[in-house]
Amino acid sequence: MAFTSSRIKSIRKQKKRKIIWEGGTGLGVRVSPAGLKTFIFMYRHDRVARMMSFGSYPKISLADARLKLAEAKKKLENNIDPAKESVERKRKELNAETIGDLAQEYLEKYARPNKRSVKEDERILRVDIIPVWGRHKAKSITKRDVITLLDGIVERGSPIAANRTFALVRKMFNFAISRDILQSNPCFCLKAPSKENQRDRVLTEDEIKAFWNGLNL
């Protein structure tokens with residue numbers, strides 16, 4: 001019998017763990033003595049019987065489970081073991097670099113060898129970035145996260161510091177792309193949060209080099 005939302009909802013807890021199968025699809029609902037319902041998929045890959053979980057009901061709806069079922073079957077058509085791929089993806093996510101890791105790598109691999117302003121980069125990271133994002137996965141940072149971070153710096157009365165932080169964050173994420181840590185930069189299409197008077201603007205490294213090279217010493 002095909003599963004329906006009302007049927008899944010009506011399933012009661014069992015004295016022993018039990019799996020209720022939907023005929024012909026490989027989709028099942030595993031029910032625990034405590035009443036926990038988990039969508040599962042039974043399949044074969046390379047002639048070996050395998051089982052994977054799609055998640056617990058009602059956090060995962062029947063519609064969600066069917067989407068996951070379709071995705072898993074598509075992978076099987078391409079000779080990909082969906083359970084093995086899921087485990088590998090979760091392992092990579094668990095080991096993915098945090099912003100703290102990325103900041104350290106940025107300082108060691110790029111800033112210290114190439115920038116005279118490395119101490120200022122370290123200060124900005126220590127004061128405004130690491131306390132907020134340090135434990136977050138680098139790939140989890142969104143454009144909205146960047147905007148919120150910069151708005152907080154502006155609101156405390158430091159608009160120029162917000163501009164410097166923006167420049168560093170953008171550079172650090174570009175570095176992450178160059179190292180194949182990330183695929184995109186959340187700063188893309190964002191502008192510096194504050195306008196600066198000409199007298200307030202700090203010269204870039206390239207402008208400083210051009211200035212010194214132009215001096216007749």
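**Close-up 1. Asp46 in the loop between strand 3 and strand 4.** In this predicted model, Asp46 has a relative accessibility of 58% and therefore counts as exposed, the cut-off being over 50%. Its phi is positive, at about 50 degrees, although Asp46 is not a glycine. As a general rule, most residues other than glycine have a negative phi, and most peptide bonds are trans.

**Close-up 2. The ring pair of Phe39 and Tyr57.** A search of the whole structure finds 6 aromatic pairs. In the pair shown here, the ring centres of Phe39 and Tyr57 are 6.2 Å apart and the ring planes stand at 85 degrees, so the arrangement is edge-to-face. Because Phe39 belongs to strand 3 (residues 37-45) and Tyr57 to strand 4 (residues 48-57), the pair ties together parts that are 18 residues apart in sequence. Phe39 counts as buried, with a relative accessibility of 0%, whereas Tyr57 is partly exposed, its relative accessible area being 21%. Ring pairs also link Phe41, Tyr43 and Phe54 into a cluster.

**Close-up 3. The cis peptide bond between Tyr57 and Pro58.** Pro58 itself lies in the loop that runs between strand 4 and helix 2 (62-77).

**Close-up 4. Helix 7 and what covers its buried residues.** Helix 7, formed by residues 159-178, has 20 residues and reaches 29 Å from its first C-alpha to its last, which is close to the 28 Å expected at 1.5 Å a residue. Among the buried residues of this helix are Ala162, Asn163, Thr165, Phe166 and Val169, together with Leu168, Met172, Phe173, Phe175 and Ala176. The elements that cover the buried residues of helix 7 include helix 4 (99-114), helix 5 (118-133) and helix 6 (143-155).

**Close-up 5. The crossing of helix 4 and helix 7.** Two packed helices are described by the angle between their axes and the distance between the axes. Here the axes of helix 4 and helix 7 come within 10 Å and cross at roughly 85 degrees, and the two helices are therefore roughly perpendicular to each other. On the side of helix 4, the contact is made by Ile99, Leu102, Ala103, Glu105, Tyr106, Lys109 and Tyr110, while helix 7 contributes Leu168, Lys171, Met172, Phe173, Phe175 and Ala176. These contact residues divide into 10 nonpolar, no polar and 3 charged.

**Close-up 6. The end of helix 7 and the loop between helix 7 and helix 8.** Helix 7 is followed by Asp180, which has a positive phi, near 60 degrees. Within the loop between helix 7 and helix 8 (205-214) is Cys189, which has a positive phi of about 75 degrees although it is not a glycine. Cys189 is exposed, its relative accessible area being 61%. Gln183 is found in the loop between helix 7 and helix 8 as well, and at 67% relative accessibility Gln183 counts as exposed. The C-alpha atom of Gln183 is separated by 28 Å from that of Gly55, and the two residues are 128 residues apart along the chain.

Methods:
Residues numbered from 1 in each chain as written. Predicted model: local features only at pLDDT ≥ 70, side-chain atom pairs only at ≥ 80, totals over all residues. Heavy atoms only, no water. Helix = DSSP H or I, 4+ residues; strand = E, 2+ residues; numbered from the N terminus. Expected span 1.5 Å × (residues − 1). Buried < 20%, exposed > 50% of the residue type's maximum accessible area, 1.4 Å probe, protein only. Contact = heavy atoms within 4.5 Å. Phe/Tyr/Trp six-rings, centres within 6.5 Å; stacked < 30°, edge-to-face > 60°. Axes fitted to C-alpha atoms, helices over the stretch in contact; angles between N-to-C directions. Parallel < 35°, antiparallel > 145°, perpendicular 65-115°, else oblique. Nonpolar A, V, L, I, M, F, W, Y, C, P; charged D, E, K, R; others polar.
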